[in-house]
Amino acid sequence: MKNKKTIIDSRPKIKIQIDNKTTITVRTMEAYKSWKEKYPDALIVE
């Protein structure tokens, strides 16, 4: 019987709060910059 290997993702996670209800997670600062263009009030939350 095979065991499933656990995949560990060591990339950084950046949480962005777009508005009061919406929080998203991105992996790169370039992605954050593209969200910031669409939503100027977006903040980095940790």
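Predicted model: local features only at pLDDT ≥ 70, side-chain atom pairs only at ≥ 80, totals over all residues.

The chain has 46 residues, and 15% of them count as buried. Its C-alpha atoms fill a box of roughly 50 × 20 × 15 Å along the principal axes. There are three strands and one helix. Read from the N terminus, the order of elements is β-β-α-β. On contacts, take the pairs of residues at least 6 apart in sequence: 25% of those contacts join residues at least 24 apart.

Now the sheet. Strands of a sheet pair through backbone hydrogen bonds, and the pairing is either parallel or antiparallel. Here the three strands make an open sheet in the order 2-1-3, and the pairing is antiparallel. Which strands stand at the edges? They are strand 2, residues 23-26, and strand 3, residues 43-45. Each has a single partner strand, so one side of each has no neighbour in the sheet. Neighbouring strands are turned by 40 degrees against each other on average, if direction is ignored.

Let me go through the two pairings. Strand 1 and strand 2 are antiparallel, with four bridges between them. A hairpin of five residues leads from strand 1 to strand 2.

Next comes the helix. Helix 1 covers residues 29-38 and packs on the sheet, where it touches strand 1, strand 2 and strand 3. Its direction makes about 145 degrees with that of strand 2.

Let us stay with strand 2 for a moment. In a regular strand the side chains alternate between the two faces of the sheet. Strand 2 has a covered face with Ile-24 and Val-26, while Thr-23 and Thr-25 are on the uncovered face.

Is Ile-24 buried or exposed? Its relative accessibility is 17%, and the cut-off for buried is under 20%, so Ile-24 counts as buried. Leaving aside neighbours within four places in sequence, Ile-24 is in contact with Ile-14, Lys-15, Ile-16, Ile-18 and Trp-35.

A pair of aromatic rings is described by the distance of the centres and the angle of the planes. How many aromatic pairs does a search of the whole structure find? It finds one. The pair is Trp-35 with Tyr-39, with 5.8 Å from centre to centre and 20 degrees between the planes, and it is stacked. Trp-35 is partly exposed, at a relative accessible area of 27%. Tyr-39 is partly exposed as well, at 38%. Trp-35 has a charged residue at its ring too: Lys-38 lies over its face, 5.3 Å from the ring centre.

The last topic is the salt bridges. Side chains of opposite charge can pair when their charged atoms come close. The count here is two salt bridges. In one of them, the side chains of Arg-11 and Asp-9 meet at 3.1 Å, N to O. In the other, Asp-9 pairs with Arg-27, and the closest N and O atoms are 3.0 Å apart.

What does the pair of Asp-9 and Arg-27 tie together? Asp-9 is in the segment before strand 1, and Arg-27 is in the loop between strand 2 and helix 1, so the pair ties together parts that are 18 residues apart in sequence. Through shared partners, the salt bridges join Asp-9, Arg-11 and Arg-27 into one network. As for accessibility, Asp-9 is partly exposed at 35%, and Arg-27 is partly exposed at 29%.

To finish, please locate three things on the handout: the sheet order 2-1-3, the stacked pair of Trp-35 and Tyr-39, and the network of Asp-9, Arg-11 and Arg-27. That is all from me.

Conventions
Residues numbered from 1 in each chain as written. Heavy atoms only, no water. Pairing = 2+ DSSP bridges. Helix = DSSP H or I, 4+ residues; strand = E, 2+ residues; numbered from the N terminus. Axes fitted to C-alpha atoms, helices over the stretch in contact; angles between N-to-C directions. Contact = heavy atoms within 4.5 Å. Phe/Tyr/Trp six-rings, centres within 6.5 Å; stacked < 30°, edge-to-face > 60°. Buried < 20%, exposed > 50% of the residue type's maximum accessible area, 1.4 Å probe, protein only. Lys NZ or Arg CZ within 6 Å of the ring centre and 35° of its normal. Salt bridge = Lys/Arg side-chain N within 4 Å of Asp/Glu carboxyl O.
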